Amino acid sequence: MTLGIGLAAPAGWAQVPAATAVTQAGPPWAHEQVQRSPDPAVRFGRLPNGLRYALQHNETPRDGVSMRLRIGSGSLQEREGEQGLAHFLEHMAFRGSAKVADGEVVHMLQRQGLAFGPDTNASTGLDQTIYFFNFPKADQEALDTGLLLFREIAEHLALDPQRIEQEKGVVLAEIRARDVPPQRAQQADIAHSLAGTLVPERWPGGKVEAVQAATAEKLRRYYAANYRPDNATLVIVGNIDVDAVERQLRQQFGDWHSRAPADAPALGTPQPPRQSAEFVAEGVPDLLALTWLLPPDNRAPTLAVEREQLVAQLGVGVLNMRLVDRTLQPGSPFLQAMGTLDPSVFKVAGQARMVVAAPAAQWPAALDAALAELRLLLGRGVQPADLQRLLPAVRSSLQVAVAQSPTRQHAAIADALVQSDLAGAVYLSAQQTQAEVDAMLAKVSAEEITAALRRSFGGSPLLLFRSAHAEPVGAEALTRQLAQASQRPLAAQAATNASWPYTDFGAPSAISTRTTDAALGTTFVEFANGTRLVVKSTPQERGLVGVQVWLGQGRAGLKPEQTHALWALDSMPLGGTGQRSLPELMQWLQIQGKQLNVALRVDPQAFVLLGNAAPADLTAQLQVLAAYARDPGFRPELGERLQAVGPMVANQIETQAGAVYGRAVLQTMNGGDARLSGAPTPADIAATRPDDLPAVLRAPLAGAADVVVVGDIGVDAAVAAVQATFGAGPTRPRLPRADLQVKGPAGGAAPIVVTHLGQPEQAIVGWHWAMPDHWADPALAATGRVAAAVLQSRLDDTVRSQLGITYSPAVGSGASLEVPGQGSFSAQIETPPAKFATFRTLLRAELDALASRPVAADELRRARQPLVESQHKNSQTNGHWSFWLPQILNEPRAKAAMLGEVDALQAVTAEQVQAFFRDRIANRSPVEISTRAKTAPAGN
């Protein structure tokens, strides 16, 4: 096949002779280049045609297999006028091939239990395209299907002109949906620092005009040049026979041959035209980005190179500790700051970066403060105290990785192999990584790390980029401020207290009751002071223990005058404890090498303190959570942070069509109850004051606790740790469950229209029906989930594939376990307002058809099987038990619901789905909710 459609290759594009491309064995694996031993659990291989493969037998979860096909090309390989074709071709991989009809890719995967999105998908970047399948079973049917589809994608896509025209609308809809202010700001930042290279000219989404002009011939040109065995990697991880899979893939892929010269574009060299640049627009995050351009480090990954890069990253780690300390101090002008070091950005440059988030009006002070921390570190160097914090944390993270390695999930391993291939790194086991890094750390010095920092952040040209939602200042003002900040006098930060005072919470109370539930494999304990504990020891996630502490009444207990502060409540951990600030807590954890964290979640019936810890750190994790509950700090820096971040949050929400739409849906479907609100309004944020948080949280956090511990921990160890923390001290009051009931809208009223500040073409329309909660009719709740999957599949086939008016239609059905009366069924799409009428007509036709006759057996199977397999898979995760055990503790019926979830889904019949649509949906008027831009064109 000749190159493309007869167009001459543009200047700067090197052509590899076709004969050479066909006969080359392809690039070696990184470990072959440097003669290092990779992870012995993985079988690495190459076919004579150059295709590389990595196979691993793995048994977490017990069944299943994850498969990845990586093409080592993305949008950077597009030619002028082709911008967007790499992504377009990825879409066409699901639109038919020599052996698979249009639309059948998704259908055949659904029959095996894969859900489109989480289990079946693809992605296109600047430098790679990835296709992935996560099969719930690792049987021969799964392997045959996955390898067949990958083989078809590799060489046999149909690229039918009619389907290309249909798919254009989908691709354009995805471009439209992703065209949000944060993305535009990020692109402007990259365009500034990498000006002069091909990168800013080849965003994966492409250009609208190039997508509209796409033809089969243009797609085939890119396809033939880039989808080639010597540019591809196949990864298969799961409960497989590696020998058998290797034989099968060699047989199926051995005859794949390159068909055209490879694309090898000249990527260019960064040549920023000015030192500073700015991007100001509604909804843009308020950020400062300082970039030090470095030569790209594209060396082979020898041990010497990796040690050099590790030392440099340790320097970044020290910088980030310093920046976090400064961020969390009272009076900090910035809200967050982080340094990064990337030795090779798309192979065109290395970059050391420091990104600072600060309110728009405080950017000069934020720049001064962040740069001062860096200058102080570069000038005085890394200190022994820095290493006393950094190195224990690094070593403990390696230990945790080793502990967790026996139960890594198939998908996580497959993704890590793909990422390693992209980076050109040697793929090592956790044990190998620990051994290598420990040996390197044993000889590293503060002086060596300081020198690496100075090379990365000290000598090269420094660029400044500012993005902001308001108050432009101009490039010249930015450059002047940068020069001034680089010369200001420096003052060292004051030392902080890194000890931990919270080890005694009173006398441990006696155990009142202790019972074991054999069906759940759980232990229930009640202490004399009123604390209740549920422990589930699990085998599936080694090296990790999750802790939840349920306190108070949650959203249900809020007074009307408190609901405006809901958006801010989960920030509470930033306020530290009464005796220790958050920086002091973090320093203690780092010095001790402890791996744990703390967060707050606001649920309908409780405030939930959360933590994830290494098993050896469970006692420390519970001490930290108990300190936050019994002695919360609510320090001034928390209030300062909320006052600064509030306007930034409000601006970003109002420019996001999805956030504005979701807020309207929750408000409407929950009967206007502000306790169940979603994204805050600007009025909510403006009304929030620092003292709102202690007023809402202090009393509930002091009450009786329900503690749920799930993970790699013995029951007795968990009981002892809880008894010494939440189970210690006097009896705590336990509040009754507060009343929280929803009366959903009846439907049939005038459509609800809300507006956003985003792009004019971004709009969402949806139909919603109020439904009962789960306990009102458990069988109906299961039927609703299957019915939603049926309608989802039909809309994917119609409004997406056939009409191309949206990227991702969304159908959902939910029935609450916690809030009486809360339930809904909905169908919505993102599409320009001019297409609303088309969606309404098509949706009404589909609803009438589903109400008039039962769905076919195959359609029911394709809808139900992914739901069933998802439940099987979820039951082998800690998250499944962490969700259900608190429900079971407070609602006895929840045990049967959890154990019977799969059976309930499998019991749903075609006749029940028909009855659901006939009685609950088609014959009831929906609530229509839509959002459109304030500057939107006229529509329907």
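## Charges and contacts

D63, D139, E141 and D144 together make up a negative surface patch. Keep in mind as you look around that this is a predicted model.

Now for the salt bridges: the structure holds 51 of them.

| Salt bridge | N to O distance |
|---|---|
| R36 and E306 | 3.3 Å |
| R95 and E167 | 2.6 Å |
| E891 and R893 | 3.0 Å |

Where does R95 lie, and where does E167? R95 is in the loop between α3 (85–92) and α4 (104–111), while E167 is in helix α6 (residues 161–178), so their bridge ties together parts 72 residues apart in sequence. R95 is buried, at 4% relative accessible area, and E167 is buried too, at 3%. By contrast, R893 is partly exposed, at 45%.

Salt bridges can also join up: R79, E82, R221 and D263 are linked in a network of them.

Last stop, L589, which is placed in helix α18 (residues 582–592). Is L589 buried or exposed? L589 is buried, with 11% relative accessibility. Setting aside neighbours within four places in sequence, L589 touches K594 and L596. From L589 to A393 is 8.0 Å, C-alpha to C-alpha, though the two are 196 residues apart in sequence.

Note on methods
Residues are numbered from 1 along each chain as its sequence is written. This is a predicted model: local features need pLDDT of at least 70, side-chain atom pairs count only at pLDDT 80 or more; totals for chains, interfaces and linings use all residues. Side-chain values use heavy atoms; hydrogens and water are left out. Patches are made of residues with over 30% relative accessible area and no salt bridge: like charges are joined within 9 Å, nonpolar side chains (Val, Leu, Ile, Met, Phe, Trp, Tyr) within 5 Å. Accessible areas come from the Shrake-Rupley method with a 1.4 Å probe; for residues, only the protein chains shown count as cover. A salt bridge is a side-chain nitrogen of Lys or Arg within 4 Å of a carboxyl oxygen of Asp or Glu. Lys and Arg count as positive and Asp and Glu as negative; His and the chain ends are not counted. The place of a charge is taken as NZ of Lys, CZ of Arg, CG of Asp or CD of Glu. Helices (H or I, at least four residues) and strands (E, at least two) are DSSP runs, numbered from the N terminus. Buried means under 20% relative accessible area, exposed over 50%, partly exposed in between (1.4 Å probe, protein chains only). Contact means heavy atoms within 4.5 Å.
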